[in-house]
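Here are my notes on this model, for reading alongside the structure. Please go through them point by point.

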Amino acid sequence: EEQDCRFTRELNESQEAAIRFALAASDVAIIHGPPGTGKTTTIVELICQAVEKGQKVLACAPSNTAVDNLLEKLIDARQKAVRLGHPARVDVRLHDHTLDGLVARHELMSLVREMQREAESLFRQAGKFTRAKPAHGAKREMRQDARRLKADARLLEQQAIDSVIDGADIVCATTTLDESLLGDRRFDLVVIDEACQSTEPGCWIPILRADRLV
């Protein structure tokens, strides 16, 4: 059953029909058309409509350029999206929306950096005893404390990563995304833009994250 939508942008009749069809699909929907017919614009509106309905979306494409294009349009549509992938492969204008960029600005990260600095300081002190002979076992204790601090910092950093991913309505990534970042998370909808340019095995990773695919 096709769904009623209040579209946020001007679309033609076939684009609107494609979105209604895709939103109503219980498992798989395919949006197709020649180059230049506005498929990515249609996909972006579809994602906005899904988010409006309270759904979490995994938005993928086979290339970094295509993912960046998708992300840029989603940002213009004021969506809460996070981009997975190495920052070096992401358009510099979009770095603030990468997982690395968002995690770096997370409130927990100042504490993480402080703990890492303290751990490094302890490691240095343990290796510096020269003039005064340290108390028995002092070096070992320092190194143990440093290792504990580093481990706690890693746990806090993982909390920051989880917080950023869970706080986003849309996760954007290439189809060959790093699955370890997502853990066992599932999505209400997976969208693969430019799917014709991907191989079938290349789509398996995102497909397994949801029961509905466009």
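Which exposed residues does the face of helix 1 turned away from its buried side carry? Point 2 has the reply.

1. **Ground rules.** This is a predicted model, in which local features need pLDDT of at least 70, side-chain atom pairs count only at pLDDT 80 or more, and totals for chains, interfaces and linings use all residues. Residues are numbered from 1 along each chain as its sequence is written, and side-chain values use heavy atoms, with hydrogens and water left out.

2. **Helix 1.** The exposed residues on that face are Glu13 and Ser14. Buried here means under 20% relative accessible area, exposed over 50%, and partly exposed in between (1.4 Å probe, protein chains only). Helices (H or I, at least four residues) and strands (E, at least two) are DSSP runs, numbered from the N terminus. The buried residues of helix 1 are Gln15, Ala18, Ile19, Ala22 and Leu23. They sit on the same side of helix 1 because they cover an arc of only 125 degrees around the axis. That arc is taken from the directions from the helix axis to the C-beta atoms. Helix 2 (39-52) is among what covers these buried residues.

3. **Length of helix 1.** Helix 1 spans residues 13-24, 12 residues in total. From first C-alpha to last it reaches 17 Å, close to the 16 Å expected at 1.5 Å a residue. The expected span is 1.5 Å times one less than the number of residues.

4. Four strands form an open sheet in the order 2-3-1-4, with parallel pairing. Strand 2 (81-83) and strand 4 (189-192) are the edges, each pairing on one side only. Two strands pair if DSSP finds at least two bridges between them. Neighbouring strands are turned by 20 degrees against each other on average, direction ignored. Axes are lines fitted to C-alpha atoms, for helices over the stretch in contact, and angles run from 0 to 180 degrees between N-to-C directions.

5. **Pairing, strand by strand.** Strand 2 and strand 3 are joined by 3 bridges, and Arg83 stands opposite Cys172 in strand 3. Strand 1 and strand 3 share 5 bridges, with Cys60 partnered by Ala173. Strand 1 (residues 57-61) and strand 4 are joined by 4 bridges. There, Ala59 has Val191 as its bridge partner.

6. **Strand 3.** Is strand 3 buried or exposed? 5 of its 5 residues are buried, so strand 3 is largely enclosed by the rest of the structure. Ile170, Cys172 and Thr174 point one way, while Val171 and Ala173 point the other way.

7. **Cores.** A nonpolar core is a set of buried Ala, Val, Leu, Ile, Met, Phe, Trp, Tyr and Cys residues joined through side-chain atoms within 4.5 Å. The largest has 32 residues, of which Leu58, Leu99, Val103, Val171 and Leu182 touch the most other members. Helix 6 gives the most to this core, with 9 residues. A second, separate core of 30 residues includes Val44, Cys48, Ala59 and Leu71.

8. **Contacts worth a look.** Val103 touches Met109, Ala160, Ile161 and Val164, not counting residues up to four places away in sequence. Contact means heavy atoms within 4.5 Å. Helix 7 (residues 200-207) lies across strand 1 and strand 4, running at about 155 degrees to strand 4.

9. **Glu141.** Glu141 lies in helix 6. Glu141 counts as partly exposed because its relative accessibility is 48%.
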